[in-house]
Amino acid sequence: MRNRYVDLLRALAIVRVVVYHTTHWAFLTVAFPAMSVMFALAGSLMAASLDSHGVRAVGRRLRRLLPALWVLAAVFVPAMLLTGLPVDRRLLYWVLPLLDPPSNGWGALALSAIWYLRDYLWFVLLSPLALPLFRRFPIPTLAAPYLLLVLIEFGVMPAHTVLKDVGLYFGAWLLGFAHHDGLLRRLSWRLLVPCVGVLAVAGAAWILTHPGPRGYDLNDIRLGNALWSAAFILALLGFAPAATAWLERRAGLLRAVTVLNSRALTIYLWHMPIVVGVAAVLPLGLTAKLAVVTLLVAVAVALFGWVEDVSARRRPVLLPGGRRRSPAPQASRKVMSPLPVSRSSRYVPVDELGTPSTFSPDPVRASTR
């Protein structure tokens with residue numbers, strides 16, 4: 001059954017990312033560490049996909065992830081080549097971003113959000129090994145990324161950017177494994193509350209004593225970010241509500257959540273070029289800038305969002321989540337179906353049978369953002 005609470009968290013995370021990049025409000029990184037939350041939710045969905053499809057889940061995930069990047073590259077790489085980007089073999093990273101794809105001066109800022117896809121790709125590749133290891137040794141496996149980050153932060157070992165991000169975000173991905181396996185739900189509140197408290201206090205202490213160049217922006221404070229985000233994820237997923245009937249009753253909000261989930265990757269990839277372009281061209285106040293960025297992101301979703309439908313092998317639509325057409329009314333004459341329902345009655349009318357969705361719930365859709 002589809003988890004609407006997870007959908008809501010992902011929708012809030014993608015909105016927070018867009019607002020943060022538009023406003024540069026550092027407090028948003030503390031109030032809602034969106035990137036770690038997104039990696040945790042993606043880890044949960046990756047574990048579900050591995051359980052359903054085995055190692056083939058890696059290919060399925062790449063199929064969902066890469067086409068949206070290729071469309072972005074088809075627009076921006078030629079523009080960068082025309083404005084000074086040299087042609088070399090590193091351009092292949094725009095096909096498979098195991099490392100940061102090359103960019104020129106203006107492209108480096110406009111396309112800076114590509115790091116998320118780079119890390120996501122590495123985490124997907126690591127997952128077939130990490131999931132069984134986590135299930136056999138959950139605590140040591142979960143602690144490993146945080147220990148790695150500590151060693152890097154204290155200069156014990158030098159590290160590549162990708163390895164630093166493994167230390168920062170792979171712990172959140174593993175917490176997603178724990179969420180999928182039900183470990184967080186089974187934790188007693190007597191254990192969960194102290195864990196959240198200790199991580200939050202440790203993270204806050206490090207943040208307050210190690211401010212970055214932008215103050216208390218968590219993007220500049222890796223260890224504080226990891227600890228604070230772990231506490232945040234434990235609280236969000238450990239105390240997840242059992243039901244979301246209140247969301248189901250609000251059709252407008254539910255539709256917005258559906259659209260944001262179905263177009264999360266498009267929004268993420270295109271919002272940064274839009275934010276940079278608006279800031280460079282239009283001298284607007286904050287409210288007007290947010291409004292223009294929101295409008296242009298909606299245009300990008302309309303132009304390129306269909307790619308996510310194609311990569312997910314869905315019928316392309318302009319906006320997901322619309323009402324499905326009701327089936328044509330059945331003729332009044334009852335047609336007999338050879339489905340035995342009891343010893344006393346061998347046949348039942350077709351128009352009295354439940355629809356397939358009555359008997360089997362929709363599977364959880366494994367989407368990116």
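Trainee: What should I know about the model before I start?
Mentor: The model is predicted, so local features need pLDDT of at least 70, side-chain atom pairs count only at pLDDT 80 or more, and totals for chains, interfaces and linings use all residues. Residues are numbered from 1 along each chain as its sequence is written, and side-chain values use heavy atoms, with hydrogens and water left out.

Trainee: At what angle do α6 and α8 pack?
Mentor: About 55°, with axes 9 Å apart. α6 is residues 115-136 and α8 is residues 161-180. Helices here are DSSP runs (H or I, at least four residues), numbered from the N terminus. Axes are lines fitted to C-alpha atoms over the stretch in contact, and angles run from 0 to 180 degrees between N-to-C directions.

Trainee: Why is the pair called oblique?
Mentor: Angles under 35 degrees count as roughly parallel, over 145 as roughly antiparallel, 65 to 115 as roughly perpendicular and the rest as oblique. α6 and α8 are therefore oblique to each other.

Trainee: Which residue classes make up that contact?
Mentor: 17 nonpolar, three polar and four charged. Nonpolar means Ala, Val, Leu, Ile, Met, Phe, Trp, Tyr, Cys and Pro; charged means Asp, Glu, Lys and Arg; the others, Gly among them, are polar.

Trainee: New topic. How much helix is in residues 191-208?
Mentor: That span is 100% helix and 0% strand. Its end C-alpha atoms lie 26 Å apart.

Trainee: And residues 228-247?
Mentor: 70% helix and 0% strand, with end C-alpha atoms 28 Å apart.

Note on methods: Helices (H or I, at least four residues) and strands (E, at least two) are DSSP runs, numbered from the N terminus.
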